[in-house]
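Hi,

Here is the structure I promised to pass on. Have a look at it first, and my notes on helix packing and aromatic rings follow below.

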Amino acid sequence: MARGRAQSAVVLLVAASVAVRTGLPAFLTPGSDLSRRDALAVASGAAVATLGAQTAWADAQGEPNFALFKYGPPILKLKDAVEKGDMDEVLRKENKFKLLNGFWRNQPEQYKEVNMLTEQILDAAAGGNTREVKDLYAQYVSRPDIKIITTYPKTNTFHVVGTSNSMVVR
């Protein structure tokens, strides 16, 4: 976490430095057209331009995709439990639902939508309302982002680790 903050600070400092160097002449002469107000506008523009850097950095590290592919399959496997009416199993997956919702954290509209669906699913499961859970669950897993998980091949349980001299099968 601290590493990400340090890198964001470095990006911010570099961007501000570039903005100051390109936007301001090295020495202001008394007859210069550039006022303090203009200099402040250039510097503040650079700061505004870098506000989304931390979000972009998180996306670049693949955190949303990690959430989708790590927590999506357990949610999709709940289909049988939902069909059987096993509400205890649905309630046990509360954390998986919430962690999967992290996939949409950089898209506020969709994040709000999936959080609301998750809360409705969990409330209905706690109340024992199986029909409502089935409908809400179907609505949740019919999202295009979640459906994409089904198009990827199943992972192999064996992972081959290669070295220059030998191969180790785990």
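**Helix packing and ring pairs**

The axes of helix H7 (residues 94-101) and helix H8 (residues 108-127) come within 10 Å of each other and cross at roughly 170°. Angles over 145 degrees count as roughly antiparallel, and H7 and H8 are therefore roughly antiparallel to each other. Keep in mind that this is a predicted model.

Which residues make the contact? On the H7 side they are Glu-94, Phe-97, Lys-98 and Asn-101. H8 brings in Tyr-111, Val-114, Asn-115, Thr-118, Glu-119, Ile-121 and Leu-122.

Now the rings. With ring centres within 6.5 Å as the rule for a pair, the count comes to two aromatic pairs. One is Phe-97 with Tyr-140: the ring centres are 5.3 Å apart and the planes sit at 75°, so the pair is edge-to-face. Phe-97 belongs to helix H7 and Tyr-140 to helix H9 (residues 130-141), so this pair ties together parts that are 43 residues apart in sequence. Phe-97 and Tyr-140 are both buried.

Phe-103 and Trp-104 form an aromatic pair too, again edge-to-face, with 5.1 Å centre to centre and 90° between the planes. Are Phe-103 and Trp-104 buried or exposed? Both are buried.

And what lies over the face of Trp-104? That is Arg-143, at 5.3 Å from the ring centre.

Cheers

Definitions and conventions: Residues numbered from 1 in each chain as written. Predicted model: local features only at pLDDT ≥ 70, side-chain atom pairs only at ≥ 80, totals over all residues. Heavy atoms only, no water. Axes fitted to C-alpha atoms, helices over the stretch in contact; angles between N-to-C directions. Helix = DSSP H or I, 4+ residues; strand = E, 2+ residues; numbered from the N terminus. Parallel < 35°, antiparallel > 145°, perpendicular 65-115°, else oblique. Contact = heavy atoms within 4.5 Å. Phe/Tyr/Trp six-rings, centres within 6.5 Å; stacked < 30°, edge-to-face > 60°. Buried < 20%, exposed > 50% of the residue type's maximum accessible area, 1.4 Å probe, protein only. Lys NZ or Arg CZ within 6 Å of the ring centre and 35° of its normal.
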